Amino acid sequence: VSAPLSVSAFTLDTVSPTVTEITPVPALDNDSTPRYTLKTNEIGSIDYTGSACISPDATVAVGNNTLVFNALSDATYNCTINILDRAGNSSPLVITPFTVDTLAPVLSGGPVLPNPGSAVPGNEPRFTLTSVELHEPGDIIYGGGCTSATTTVTGSAVVTFNAVKTVSYPSCTVKVRDGAG
């Protein structure tokens, strides 16, 4: 019989890390490099294989970890990344779906009718506002003294200005802010 061979102490790890989403990317985001925070109970690495959501960050520490994704084009993203502990145990993390929308609405409008100089109560000036972003509503922002009860637009809307004093409005402006800001 041989003499006993001393073996160094070791730890057998067959348990995958626990990973949770802490701060998701906003559902509609105008930042093409969105931030995402996850929490894990083990140090390890991040496997982005097959995911459109990729970050230069390759490792995670115990606790909260904020990732900044590489530039993403305007689209909707459904991503999964894997967190691997030092033993190679893997935990998939499904990232809450989000949409990147960096494009501001493009507006067009028809002429103001009736001729603003001939408007009378009950026949207030109005025009048709059209936004290229037909798929989502936008908030209408008025400037230059003009106001209207119409506060949102999806596609197109007839905007009727609120009753105005008999005064000229040479600097009336209309802007639209979409859900991504």
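## Serine 55

Serine 55 counts as buried, because its relative accessibility is 5% (buried means under 20% relative accessible area, exposed over 50%, partly exposed in between, with a 1.4 Å probe and protein chains only). This is a predicted model: local features need pLDDT of at least 70, side-chain atom pairs count only at pLDDT 80 or more, and totals for chains, interfaces and linings use all residues. Residues are numbered from 1 along each chain as its sequence is written, and side-chain values use heavy atoms, with hydrogens and water left out.

Serine 55 sits in the loop between strand 4 and strand 5 (strands are DSSP runs of E, at least two residues, numbered from the N terminus).

## Contacts of serine 55

The side chains of serine 55 and aspartate 57 make a polar contact of 2.9 Å (a pair of N or O atoms within 3.5 Å; within protein, one must be able to donate a hydrogen and the other to accept it, and residues adjacent in sequence count only if both atoms are side-chain atoms). The serine 55 side chain also reaches the backbone oxygen of valine 68, at 3.0 Å.

Beyond neighbours within four places in sequence, serine 55 is in contact with Tyr48, Leu67, Val68, Phe69 and Asn70 (heavy atoms within 4.5 Å).

## The disulfide

The structure holds 1 disulfide (a pair of cysteine sulfur atoms within 2.5 Å). Cysteine 53 and cysteine 79 form it, with sulfur atoms 2.0 Å apart. The pair links distant parts of the chain, 26 residues apart. Cysteine 53 is in the loop between strand 4 (44-47) and strand 5 (59-60). Cysteine 79 is in the loop between strand 7 (75-77) and strand 8 (80-85).

The S-S torsion is about 65°, so the disulfide is right-handed. Cysteine 53 is buried at 0% relative accessibility. Cysteine 79 is buried at 3% relative accessible area.

Conventions: Helix = DSSP H or I, 4+ residues; strand = E, 2+ residues; numbered from the N terminus.
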